[in-house]
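Hi,

Here is the structure I promised to pass on. My notes are below it.

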Amino acid sequence: MKVKIHTLFQYLLETTQSTPEAIVGFSLSQSPRLGDFLDELDPDLPLDWNNRDFSGLPELKEHVLRQAGLEGICTPKDVLITAGAAEANYLAIMQTLQPDDEIVIETPGWPQAEVLAKAIGANVVKVTRSEANNWRLPLDELAEAITQCTKMIFLSNPNNPTGDVLDDSELRKIVQMADRVGAWLLVDEVYAGLEWDGPRAPSVAGMYARGITTGSVSKGLGLQGLRTGWIICPDAGLIHDAVILRENSSEIMNIMGEVIAEIALRPDRYGPAMEKARAEGRANLDQMNAWVDAHEALSWVSPRAGLIGLGRLPEGVESDPFARFLLGDPYRTFLLPGSAYDEPNHIRLGVGGGAAVNLEEGLIRLAQGLHDYQKR
Ligand SMILES: Cc1ncc(COP(=O)(O)O)c(C=O)c1O
């Protein structure tokens, strides 16, 4: 098994050395600083491991259930703390999919499942979200795609990259589809808590015996560098299998990641932090919507949740060369081309990152860059 590079990561690797002056499409809230946590940190904390539980700090697992609304529905033994949602997805996919199994995924969607499924030698079945339908997941097509061969369904809710949200009743229908064939249903919730026009959707770990919820502190809380995420699943075998694979990759959790995430998810911190993230995200989204409205060359379906969405470029403008053009002088503005999501006529727009990403200036340069690019 060899894992091959995806176009999204390829673009990030190729552009890491660039020094943009603005970023349009930043995908996480402004990050707190280490100093914000110092008062609560114990200087005598041993830096070996948590000394208590291979599946994560017990109080952190309680917080994870609370933020997902799963208190009293799932128990801490249903939770495994991981190195981000990325490792959570990795462990769950690698331990459930075998060569020739089928996995149903959405496109556009978070590419990790496809990359891993291909490495395993599983068959990938894609269900397309179309822009004409506001990037909604067509449930009739999903139902057709799920067969007796389906071992896993992988979705992100809210969806990366479109910001669409599956609501309670849609998720219930999807659970029924999965249950009919006994498939695992993995829903990645990294953007949960940043809904702009409706409630947070329920987590599938609380709805289905084979429901797997993954998430992390990376997006809403902006704590990506902690590398702290989780799997929640009521199936004890799945959690055990994930612990076994983790023992053979990162072995145990990064203790600082666990301890700081535990502080960040305490109710007296989590509530205000998410309120701040939502206020900043909402303000930037209003700004972005006004900007898109004012620029005829671009359009987008404003995300219903999360910090990113796909902007449509004028016909004939290819996103990859355009993104590279915009990164060069004099624009020095970074954005992710839609080619990273098999949407080559789109760019990823976003509203995260706070003041550090210089969004207002980035939008001015994006408009100028697009104008100049088309005139060449
Ligand atoms: C849908 C989705 N899943 C997982 C990840 C990985 O996040 P983490 O930092 O929690 O590993 C990302 C990051 O962009 C994401 O957008």
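Predicted model: local features only at pLDDT ≥ 70, side-chain atom pairs only at ≥ 80, totals over all residues.

Which residues are exposed on the other side of helix 8? They are Ala 236, Gly 237, His 240, Ile 244 and Glu 247.

Numbering starts from 1 along each chain as its sequence is written.

Back to helix 8 (residues 236–247): Leu 238, Ile 239, Ala 242 and Arg 246 are its buried residues. Seen down the axis, they fall within an arc of 95°, so they line one face of the helix (the arc is that of the directions from the helix axis to the C-beta atoms). They pack against strand 2 (79–82), helix 4, strand 7 (211–216) and strand 8 (229–232); contact here is C-beta atoms, placed from the backbone, within 7 Å. Helices (H or I, at least four residues) and strands (E, at least two) are DSSP runs, numbered from the N terminus.

As for the whole protein, there are 12 helices and 12 strands, and 49% of the 376 residues are buried. The C-alpha trace spans about 60 × 55 × 40 Å along its principal axes.

One more contact set: Ile 153 touches Val 104, Ile 146, Ala 178, Ala 183 and Leu 185, leaving out residues up to four places away in sequence.

Cheers

How values were computed: Buried ≥ 20, exposed ≤ 12 C-beta atoms within 10 Å, placed from the backbone. Contact = placed C-beta atoms within 7 Å.
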